[in-house]
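Student: Could you take me closely through the cavity and then through the helix packing around it, with the cut-offs stated as you go?

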Amino acid sequence: MDLSELERDNTGRCRLNSPVPAVCRKEPCVLGVDEAGRGPVLGPMVYAICYCPLSRLADLEALKVADSKTLSESERDRLFAKMEEDRNFVGWALDVLSPNLISTSMLGRVKYNLNSLSHDTAAGLVQYALHQGVNVAQVFVDTVGLPETYQERLQQCFPNIEVTVKAKADALYPVVSAASICAKVARDQAVKNWQFVEKLQDLDIDYGSGYPNGEQMAVGAAVGAALRQRYW
């Protein structure tokens with residue numbers, strides 16, 4: 001996965017996508033939406049879509065995709081590699097949002113909260129797939145906020161598409177599980193190669209996935225200490 005655009009400038013956002021399989025332009029497709037990186041202490045929030053023809057959904061299920069949170073990093077990488085091998089019927093796209101963009105959005109004079117940013121990003125990716133020529137017939141989304149409100153909003157945006165928004169959709173629908181894996185693989189890679197804008201010295205870069213849980217609590221302390229040393 002080529003994240004060189006983000007690595008050159010991690011203060012904004014970037015979009016990545018696979019080629020659109022020819023069959024996805026011809027046949028009705030199912031599309032899943034999920035994200036990785038809500039509430040971390042380091043790294044971007046990554047939204048992902050994954051799609052395939054309805055006629056090939058069983059083939060996607062056969063890959064044994066699952067909610068990325070239940071998989072190890074090596075398992076996620078292996079499953080993503082399998083999806084890349086199946087580019088003749090599986091496609092994906094990502095929107096990678098930097099911490100700087102999120103903070104600027106939320107702290108501006110006109111408030112733009114994280115849920116609204118998430119909803120708009122998801123809708124933007126569905127629209128992007130349509131612009132790319134994907135014949136989207138069904139969309140499944142892992143909810144952010146109230147699923148009923150979110151589903152109504154997306155259904156209004158895409159009246160000709162059947163939209164389903166559910167809590168834990170990444171564990172219920174394989175196409176959302178696949179999107180979850182795409183998002184997490186991208187985020188893991190982004191965190192590993194993260195370039196701090198601040199010139200931090202003596203920073204231990206073994207900070208895991210950037211979430212404040214378990215052994216990864218160390219990242220908050222490490223980054224916080226480095227920033228205090230620089231600015232205080």
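Tutor: The largest cavity has a volume of about 50 Å³, where a cavity is a set of points on a 1 Å grid over the protein atoms alone at which a 1.4 Å probe fits but cannot get out, and a volume is the space filled by probe spheres set on points joined across faces, edges and corners. This is a predicted model, in which local features need pLDDT of at least 70 and side-chain atom pairs count only at pLDDT 80 or more, while totals for chains, interfaces and linings use all residues. Residues are numbered from 1 along each chain as its sequence is written, and side-chain values use heavy atoms, with hydrogens and water left out. The structure holds one cavity of 30 Å³ or more. The lining of the largest cavity, meaning residues with an atom within 4 Å of a point, consists of N17, S18, V20, I49, Y51, W92, A93, Y128, A129, Q132 and V134. Two or more of the lining residues come from each of β3 (45-53), β4 (91-97) and α6 (114-131), helices being DSSP runs of H or I with at least four residues and strands runs of E with at least two, numbered from the N terminus. By class, eight lining residues are nonpolar, three are polar and none is charged.

Turning to packing, α6 and helix α7 (residues 147-157) have axes that come within 11 Å and cross at roughly 40°, the axes being lines fitted to C-alpha atoms over the stretch in contact and angles running from 0 to 180 degrees between N-to-C directions. That angle makes α6 oblique to α7, because angles under 35 degrees count as roughly parallel, over 145 as roughly antiparallel, 65 to 115 as roughly perpendicular and the rest as oblique. On the α7 side, the contact (heavy atoms within 4.5 Å) is made by Y150, R153 and L154.

Helix α4 (residues 73-85) and helix α9 (residues 174-192) pack at an angle of about 120°, with their axes 9 Å apart, which means that α4 is oblique to α9.

How values were computed
1 Å grid on protein atoms, 1.4 Å probe; cavity = no way out; pocket = protein on both sides within 12 Å on 5 of 7 lines; lining within 4 Å. Nonpolar A, V, L, I, M, F, W, Y, C, P; charged D, E, K, R; others polar.
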